[in-house]
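Please prepare a briefing on the fold, the aromatic contacts and the charged contacts of the structure shown here.

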Amino acid sequence: SVLGALLMLGCSKSAVQKDLDPDAAALISRVQAAYDRGDWNTALVLADSAERRSFAVPDLYFTRGLILTKMRRFDAAQRAFERVLALDPEYRKAWYNLGHNAFLQRQYREALRYYEQERALITKVGRRADSGGQDRLALSAIAAQIGRTYALLGKRDSAEGAYQEA
């Protein structure tokens, strides 16, 4: 689905992660592999281990947030995504996933705020770099989710406008 693709599509790799020592990179890779297998408990244990070893890397917290979302631990997931943004304010999909968490909790107005933050970030970063098709896909998926959110709020005109934008 477009939503699923957006949740993981093109996770930004921070400059910090590029220079990560091999032990940290291996552990973070194991976290992501466990997540990809759907083994949430193992992924979370590995993420906790990486965090205890002070591997403060945005990708680690981003994956941790995804894991916690799957486990429906929304408050902890929110803290993980906020940590991502504290480490890298331009990390792609962190704002979107904050919105997704709010959406799953039926906090639609809050979800809209986060989706708009993600859209603004993509637009800002896209002006500085030629991201082309990936940005168009992400913006389309965000607009569709905004439309869905407006529809659930009963705001038909706003929903239609967002769907047309998508």
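What does the accessible surface of the protein chain come to, and what percentage of that surface belongs to carbon and sulfur atoms? The accessible surface is about 8,600 Å², and 48% of it belongs to carbon and sulfur atoms, as computed with the Shrake-Rupley method and a 1.4 Å probe. This is a predicted model, in which local features need pLDDT of at least 70 and side-chain atom pairs count only at pLDDT 80 or more, while totals for chains, interfaces and linings use all residues. Residues are numbered from 1 along each chain as its sequence is written, and side-chain values use heavy atoms, with hydrogens and water left out.

**Fold and packing**

- The protein chain has 10 helices and zero strands, where helices are DSSP runs of H or I with at least four residues and strands are runs of E with at least two.
- Of the 166 residues in the protein chain, 44% are buried, a class that means under 20% relative accessible area, as against over 50% for exposed and in between for partly exposed (1.4 Å probe, protein chains only).
- Among contacts (heavy atoms within 4.5 Å) between residues at least 6 apart in sequence, 59% join residues at least 24 apart.

**Aromatic rings**

- The structure holds six aromatic pairs, counted for rings of Phe, Tyr and Trp (its six-membered ring) whose centres lie within 6.5 Å, with planes under 30 degrees apart called stacked, over 60 edge-to-face and the rest tilted.
- One of these pairs is Y35 with W40, tilted at 50 degrees between the planes and 5.2 Å centre to centre; Y35 is buried at 11% relative accessible area, whereas W40 is partly exposed at 26%.
- F62 and Y91 form a tilted pair with 5.2 Å between centres and 40 degrees between planes, which links helix α5 (residues 58-70) to the loop between α6 (74-87) and α7 (94-104), the two residues being 29 apart.
- Ring pairs link F62, F81 and Y91 into a cluster.

**Salt bridges**

- Eight salt bridges are counted, each being a side-chain nitrogen of Lys or Arg within 4 Å of a carboxyl oxygen of Asp or Glu.
- R92 and D135 meet in a salt bridge at 2.9 Å, N to O, and this pair links the loop between α6 and α7 with helix α9 (residues 133-152), across 43 residues; R92 and D135 are both buried.
- Within helix α8 (residues 108-128), E116 and R119 lie three residues apart, about one turn of the helix, and form a salt bridge with the closest N and O atoms 2.6 Å apart.
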